[in-house]
Amino acid sequence: MSIRTDLALEEKELTFGKLSGVDFEEKNVGEIKITRIRVLNKAGENSIGKPQGDYITVEIPNLESHGGQFDLAAEIIAKELKDIAGGAKNILVIGIGNSQITPDALGPKVAEGILATRHIGLELKKQLGLEALNSVSVLSPGVLGQTGIELYELIVGAVKTVKPDLVIAVDALAARRLSRLGCTVQISNTGITPGSGVDNARKEISLKTLNIPVVAVGIPTVVDAHTLISDLGGTVKKNFKESENMIVTPKGIDLMIDRAAELLSFSLNTFLQPQLDKETLRALV
């Protein structure tokens with residue numbers, strides 16, 4: 001039985017020994033663990049089952065709104081975004097997901113918290129003393145069942161209009177382990193295939209399909225039940241076959257999504273507008 005996960009870190013954990021074509025490093029900042037995986041070539045793709053590129057995982061225990069751990073995590077995520085995305089000045093942020101289904105609402109909730117600035121003219125920026133603001137556009141396009149339009153088609157239209165030099169796609173992910181739900185951030189520069197974690201993959205959103213860099217940011221909010229049972233050693237035998245079509249979420253999913261969305265939106269705003277301090281960012285959003 002296959003193990004379903006969107007996290008490169010968990011794919012690595014499922015392998016044994018040295019991986020061909022894959023670089024790996026990890027470090028801790030306080031209680032926060034940062035793991036960097038780089039898939040170098042086709043051999044690496046075959047080893048880990050992920051496209052060539054960089055995958056950064058930030059694991060944050062005891063995540064709560066604001067406070068020292070929250071601010072430290074946001075700073076770390078913003079720095080990792082800068083390292084992987086560079087110095088883009090015109091950025092389009094896409095909040096992927098269905099706001100009406102809680103485990104899938106992460107992307108839209110993050111989009112709500114992003115400071116959009118593309119509409120602010122130079123004269124107004126000068127009046128506000130914010131001439132250095134980057135141009136940020138935000139789109140929360142919903143899902144095919146709500147709009148009748150493929151997500152990729154909507155994003156292509158937005159890209160043609162906005163002409164960004166970077167797209168950041170935010171989406172809920174699937175993990176292998178319950179302990180990683182809501183507190184594990186993955187950042188990658190390989191794009192994203194929405195719905196792949198729940199076996200409903202749509203068209204890929206990436207440099208290859210959009211012709212501009214795409215950074216994917218996500219937090220796992222669900223575990224595939226079949227994967228969970230396998231990870232527990234297959235000890236739950238009753239209704240094992242039926243678990244193939246089930247998804248598991250924590251009972252506190254509403255609070256988990258709110259906290260995860262707050263963390264990602266604040267981290268993204270910190271990256272997008274590095275000239276603004278955190279108090280100003282919180283006041284503007």
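Begin by selecting Thr184, which sits in strand 7, the run of residues 184-188. Keep in mind as you go that this is a predicted model. Is Thr184 buried or exposed? Its relative accessibility is 1%, and buried means under 20%, so Thr184 counts as buried.

Now show the side chain of Thr184 together with the backbone of Arg180. A polar atom of that side chain lies 3.1 Å from the backbone oxygen of Arg180. Next, bring up the residues that Thr184 touches beyond four places away in sequence: Leu7, Thr57, Val58 and Glu59, and then Gly218, Ile219 and Pro220.

**Into the nonpolar core**

For the next stop, select Leu106, Ile168, Val185, Ile187, Val217 and Leu272. These belong to the largest nonpolar core, which has 52 residues, and they touch the most other members. Which helix gives the most to this core? Colour helix 10 (residues 253-272) to see the answer: it contributes 11 residues. In soluble globular proteins, nonpolar side chains tend to be buried together.

Stay with Leu106 for a moment and display its contacts. Leaving aside residues up to four places away in sequence, Leu106 touches Asp171, Ala172, Ile219, Ile257, Ala260, Ala261 and Leu264. There is also a second, separate core, made of 17 residues; to find it, select Tyr152, Val159, Val167 and Ala169, which are among its members.

Most residues other than glycine have a negative phi. The last two stops have positive values.

- Select Lys163, in the loop between helix 7 (151-162) and strand 6 (166-175). Its phi is near 55 degrees, a positive value in a residue other than glycine. Lys163 has a relative accessible area of 60%, and exposed means over 50%, so Lys163 is exposed.
- Then move to Asn211, in the loop between helix 8 (207-210) and strand 8 (214-224). Phi of Asn211 is near 65 degrees, again positive in a residue that is not glycine. Asn211 counts as exposed because its relative accessibility is 64%.

Definitions and conventions:
Residues are numbered from 1 along each chain as its sequence is written. This is a predicted model: local features need pLDDT of at least 70, side-chain atom pairs count only at pLDDT 80 or more; totals for chains, interfaces and linings use all residues. Side-chain values use heavy atoms; hydrogens and water are left out. Helices (H or I, at least four residues) and strands (E, at least two) are DSSP runs, numbered from the N terminus. Buried means under 20% relative accessible area, exposed over 50%, partly exposed in between (1.4 Å probe, protein chains only). A polar contact is a pair of N or O atoms within 3.5 Å; within protein, one must be able to donate a hydrogen and the other to accept it, and residues adjacent in sequence count only if both atoms are side-chain atoms. Contact means heavy atoms within 4.5 Å. A nonpolar core is a set of buried Ala, Val, Leu, Ile, Met, Phe, Trp, Tyr and Cys residues joined through side-chain atoms within 4.5 Å.
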